[in-house]
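Open the model in your viewer, and keep the sequence panel at hand. We will go from one selection to the next and look at what is there.

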Amino acid sequence: IDFLFIPFYAMLFYTLCGSISVRMNGIPAKLGVLLAFGSLVAGVFDVMENILMLYALSGHYNNISALLTTVFATIKFSLLLLAILYILPLGIRLLLLRKINTSRQ
């Protein structure tokens, strides 16, 4: 079932980071683009992690597959954490600026 959720959360983070990045300038804009693509990469790593976990559940595992599963999961969660750390403060900032600009008009 996890495979069904992967495209949705990957596209959610991709869209949020991309949407914020086009409203920014300089380093925050470039960082948003990188994190948007990093969100898609996180989805790919999640697929690889799930495949390796299914492989392990079927009884065919070894130290390398266990290590790769851990590496894929760590990279996936790291990329998503970075995206969240980008989305929360800058998204809130954009919402507050929009509210201030709307109230001035």
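Predicted model: local features only at pLDDT ≥ 70, side-chain atom pairs only at ≥ 80, totals over all residues.

Residues are numbered from 1 along each chain as its sequence is written, and side-chain values use heavy atoms, with hydrogens and water left out.

**Stop 1: helix α3**

Select residues 63–104, which make up helix α3. Helices here are DSSP runs (H or I, at least four residues), numbered from the N terminus. α3 has 42 residues, and its first and last C-alpha atoms are 61 Å apart, close to the 62 Å expected at 1.5 Å a residue. The expected span is 1.5 Å times one less than the number of residues in the helix.

Now zoom in on the start of α3, where a side-chain oxygen of N62 comes to within 3.0 Å of the backbone nitrogen of I64.

Next, colour the buried residues of α3, among them S65, T69, F72, A83 and L94. Buried means under 20% relative accessible area, exposed means over 50%, and partly exposed is in between (1.4 Å probe, protein chains only).

**Stop 2: helix α2**

Select α2 and check its ends: the C-alpha atoms there are 43 Å apart, which agrees with the 45 Å that 31 residues should span at 1.5 Å a residue. After α2 comes G59, with a positive phi near 95°.

**Stop 3: two aromatic pairs**

There are two aromatic pairs to find in the structure. Rings of Phe, Tyr and Trp (its six-membered ring) pair if their centres lie within 6.5 Å; planes under 30 degrees apart count as stacked, over 60 as edge-to-face and the rest as tilted.

Then move to F45 and F72, a tilted pair with 5.4 Å from centre to centre and 35° between the planes. F45 belongs to helix α2 and F72 to helix α3, so the pair ties together parts that lie 27 residues apart in sequence. Is F72 buried or exposed? F72 is buried, with a relative accessible area of 14%.

**Stop 4: K76**

Stay in helix α3 and select K76. This lysine is buried, at a relative accessible area of 6%. Its side chain makes a polar contact with the side chain of D46, at 3.3 Å. K76 also lies over the face of F77, 4.1 Å from the ring centre. Leaving out residues up to four places away in sequence, K76 touches Y9, A42, F45, D46 and E49; contact means heavy atoms within 4.5 Å.

**Stop 5: the largest nonpolar core**

In soluble globular proteins, nonpolar side chains tend to be buried together. The largest nonpolar core here has 16 residues, of which F13, C17, I20, M24, Y86 and I87 touch the most other members. The elements that each give two or more residues to this core are α1, α2 and α3, and the largest share, six residues, comes from α3.

Centre on I87: apart from neighbours within four places in sequence, it is in contact with F13, L16, C17, I20 and I92.

**Stop 6**

Pick S39 in helix α2. S39 is buried, with a relative accessible area of 0%. Beyond its neighbours within four places in sequence, S39 is in contact with A10, F13, Y14, C17 and A83.

A36 lies in helix α2 too, and is buried at 4%. Not counting residues up to four places away, A36 touches Y14, C17 and G18.

Finish at L82 in helix α3, which is partly exposed at 45% relative accessibility. L82 and C17 are 65 residues apart in sequence, with 10 Å between their C-alpha atoms.

Key. Polar contact = N/O pair within 3.5 Å; in protein donor to acceptor, adjacent residues only side chain to side chain. Lys NZ or Arg CZ within 6 Å of the ring centre and 35° of its normal. Core = buried A, V, L, I, M, F, W, Y, C linked by side-chain atoms within 4.5 Å.
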